[in-house]
Amino acid sequence: MSEPLVDSFGRVHNNLRISVTDRCNIRCFYCMPAENVQFMPRADLLSFEEMERFVRICVGLGVNKVRLTGGEPLVRKDLSKLVAMIAAIEGIHDIGITTNGILLAEQAQELWDAGLRRINVSLDALDPVKFKEITRREGYEKVLEGIQAAQRVGFDPVKVNAVSVRGMTESEIVPFGEFARKTGAEIRFIEFMPLDADNAWERDKVLFAHEIIERLSAEIMPLIPIPDQNPHAPATEFVFQDGVGRIGFIASVSQPFCMNCDRFRITADGKVRNCLFSLEETDIRGLLRGGGTDSQIAEAVRSSVAAKWEGHQINTAKFIQPNRPMYSIGG
Ligand code: SAM
Ligand code: SF4
């Protein structure tokens with residue numbers, strides 16, 4: 001392996017997120033427009049072979065963790081083949097996926113068999129009416145079936161991502177606390193971030209992690225921080241005082257974890273972004289398709305990471321929302 005991927009703040013990057021598509025089968029309001037989404041032309045999407053080559057090059061730069069995301073990764077045909085291709089790369093120790101869970105029940109076994117071991121299912125509400133209000137589509141039952149299927153085939157824990165939005169998801173806090181205790185799934189509350197296609201984010205709409213901790217502690221029982229947590233994990237994890245039920249918080253707005261960030265990402269159309277909130281991208285697809293050598297691609301990644309800024313500026317007047325919404329970046 002050559003020199004690790006380090007930025008000017010000394011952060012080492014070993015964690016790659018790959019968006020496999022920008023398409024999705026639901027329309028969460030904090031991510032996508034409700035209708036008339038302009039998807040990328042199919043020919044612009046990286047092929048599995050191009051992704052595999054890119055991962056191999058990144059492994060040479062120290063990457064050992066990969067997460068597949070989107071859009072909705074499970075709508076990409078034959079995704080388990082890509083999982084198997086990445087799992088076969090020497091040096092990859094960890095492959096995960098973030099999915100809305102709608103197609104999970106039918107794919108959980110093949111994903112497991114292909115070598116996938118980590119799964120995060122996004123579900124913002126346990127109330128089906130609220131689910132539809134947020135996603136603007138049907139599918140609630142399928143997501144629950146997907147979580148159960150994933151647990152059945154062996155994913156442990158299944159993590160459930162729930163975006164927290166003030167004025168909308170307060171009613172879901174305690175039911176999710178009970179759900180974590182009953183099912184063994186780990187619930188991770190994510191603060192609503194300014195990455196929505198409708199540009200409707202406001203700080204006042206963020207339901208903060210500390211408010212959720214207070215509510216769960218008062219209405220169920222105190223939450224105790226889990227000791228010796230991985231400093232690079234974005235979630236701060238807790239367990240209820242009696243040891244039953246794990247809850248994590250991704251407090252990207254109230255407690256940014258940028259200084260511990262070890263990630264970079266590649267969009268479905270092959271652009272490397274060194275931060276979710278980047279305003280600049282590095283074109284890798286052009287190199288992959290235009291005869292670029294492995295070392296040219298490695299150099300492009302290295303330069304992108306080297307130029308990473310200190311962190312997002314959500315809490316300052318300087319913040320500029322990227323012109324790609326979450327579904328097009330890959331969350
Ligand atoms: N479709 C898959 C899913 O929903 O899990 C993967 C892609 S989605 C963009 C990845 C994660 O980003 C999901 O957990 C989703 O809830 C989260 N997300 C999307 N938009 C967000 C926003 N504006 N603020 C916070 N989290 C967001
Ligand atoms: Fe689709 Fe995931 Fe975005 Fe929801 S958060 S619209 S499921 S890509």
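## Position of F319

F319 sits in the loop that runs between α9 (294–306) and α10 (326–329). Helices here are DSSP runs of H or I with at least four residues, strands are E runs of at least two, and both are numbered from the N terminus. The model is predicted, so local features need pLDDT of at least 70 and side-chain atom pairs count only at pLDDT 80 or more, while totals for chains, interfaces and linings use all residues. Residues are numbered from 1 along each chain as its sequence is written, chains are lettered from A and ligands numbered from 1 in the order in which they are written, and side-chain values use heavy atoms, with hydrogens and water left out.

Leaving aside residues up to four places away in sequence, F319 touches P194, F277, Q313 and I314; contact means heavy atoms within 4.5 Å. From C-alpha to C-alpha, F319 and P33 are 22 Å apart in space, and they are 286 residues apart in sequence.

## Surroundings of the ligands

Ligand 1 is surrounded by 18 residues, of which Y30, G71, E72, S122 and M193 are the closest. A residue is counted as near a molecule or strand if one of its heavy atoms lies within 4 Å of it. In the side chain of S122, an N or O atom lies 2.5 Å from an oxygen atom of ligand 1.

Around ligand 2 are C24, I26, C28, Y30, C31, M32, G71 and N100. By class, this shell has six nonpolar residues, two polar and no charged. The classes are nonpolar for Ala, Val, Leu, Ile, Met, Phe, Trp, Tyr, Cys and Pro, charged for Asp, Glu, Lys and Arg, and polar for the others, Gly among them.

## Packing of α1 with α2

Helix α1 (residues 48–59) packs against helix α2 (residues 79–87) at an angle of about 25°, and their axes are 10 Å apart. α1 is therefore roughly parallel to α2. Axes are lines fitted to C-alpha atoms, for helices over the stretch in contact, and angles run from 0 to 180 degrees between N-to-C directions. Angles under 35 degrees count as roughly parallel, over 145 as roughly antiparallel, 65 to 115 as roughly perpendicular and the rest as oblique.

F48, E49, M51, E52 and V55 of α1 make the contact with L79, K81, L82, M85 and I86 of α2. Seven of these residues are nonpolar, none is polar and three are charged.

## Packing of α3 with α5

Helix α3 (residues 104–114) and α5 pack at about 25°, with axes 8 Å apart. The two helices α3 and α5 are therefore roughly parallel to each other, and their crossing is right-handed.

On the α3 side, L104, A105, A108, Q109 and W112 take part, meeting E145, G146, I147, A149, A150 and V153 in α5. The contact of α3 with α5 has eight nonpolar residues, two polar and one charged.

## Packing of α6 with α7

Between helix α6 (residues 173–183) and helix α7 (residues 209–219) the packing angle is about 65°, and the axes are 10 Å apart. α6 is therefore roughly perpendicular to α7. The crossing of α6 and α7 is right-handed.

I173, V174 and G177 of α6 meet I212, R215, L216 and E219 of α7. The contact of α6 with α7 divides into four nonpolar, one polar and two charged residues.

## Backbone exceptions

Most residues other than glycine have a negative phi, and most peptide bonds are trans. R136, not a glycine, has a positive phi of about 60°. R136 lies in the loop between α4 (128–135) and α5.

The peptide bond joining D156 and P157 is cis, with omega about 0°. P157 belongs to the loop between α5 (140–153) and β5 (158–164).

Notes:
Left-handed = near helix turned anticlockwise from the far one by under 90°. Polar contact = N/O pair within 3.5 Å; in protein donor to acceptor, adjacent residues only side chain to side chain.
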